[in-house]
Amino acid sequence: TQSGPPETGLGDLPESVVASVLVYLNPQQICRVAALNRAFRAASSADFVWESKLPNNYKVFDHEDGDDKLLLNLCKKDIYARLSRPNSIDGDTKRMKDNKKNEILDMIEKVWLHKGTGKPCVLISFNGLSITGIDDRRYWSRIPTEESRFHSVAYLQQTWWFEVSGEVEFPFTAGTYSLSFRVQLGRLGKRFGRRVCNCDQIHGWDRKPVRFQLGTSDGQEAVSECYLTSPGMWNLYHVGNFVVEDSKVPMKVKFSMMQIDCTHTKGGLCVDSVLICPK
């Protein structure tokens, strides 16, 4: 008896054909289909597949080791993997110095590529923000914690005038971005090795809402208001969105959160960071 032609399957597709299809998938989908067979696994490492996922200006996102030439020795897949991890940017120019102790604190900005979109995310520590009264220990203190990427947060005991503001200038890839403040009601701590949150000093946030604002260098603005809730939990309070149309021109974004009604005090709040990420 004559046997028919051997059956063909996905594993018989030429690697170049598979790679041409993978270009249309997002990074997470590429990693999943790489497990199908040997052909897909090999195609998923092609440079042109991952180059299509990298921003044109991706080299400015990596300064962790202070060596811009490091990326030249990596394949595009490894570059994407490296830039998907939070990297501190601009080397020592983004470090804060504690003048009293003459010590260099942790980096105040981190950037990484969003794994689903390939667009940059930027995280700004409270150390990189302007906080009213931050150097007065009667009102504010710095608390070390493993719950922050920057290893410490600012804790407000009590104040009449609460205002936190900052700005960032960055070559964002074209697209829409969301900006949020990461804060928590309650003081962080540990007891017998377990996480605890002291809520005794929380007050004033239910009297008036907090006002959030952002503005960009090309005239975009956003304003929102909300009450701070959920003691003991980290929350991302959304300020607003902005659109980047030209990735060749760095976008400057100014932002703030405030509750400046001086008819009452407020306190018991941890301020960690500001997050900008693709929407």
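Strands here are DSSP runs of E with at least two residues, numbered from the N terminus, and two strands pair if DSSP finds at least two bridges between them. This is a predicted model, in which local features need pLDDT of at least 70 and side-chain atom pairs count only at pLDDT 80 or more, while totals for chains, interfaces and linings use all residues. Residues are numbered from 1 along each chain as its sequence is written, and side-chain values use heavy atoms, leaving out hydrogens and water.

To find the pairing with strand 17 by eye, look for Ser-178, whose bridge partner there is Cys-277. Strand 10 also pairs with strand 15 (residues 235–244), again antiparallel and over nine bridges; there, Thr-176 has Val-243 as its bridge partner.

Strand 10 is mostly covered, with nine of its 11 residues buried (under 20% relative accessible area, 1.4 Å probe, protein chains only).

Elsewhere, five strands form an open antiparallel sheet in the order 6-9-16-13-14. Its edges are strand 6 (130–131) and strand 14 (221–226), each pairing on one side only. Strand 14 pairs with strand 13 (residues 210–216) over six antiparallel bridges, and Gly-215 has Glu-221 as its bridge partner.

How values were computed:
Helix = DSSP H or I, 4+ residues; strand = E, 2+ residues; numbered from the N terminus. Buried < 20%, exposed > 50% of the residue type's maximum accessible area, 1.4 Å probe, protein only.
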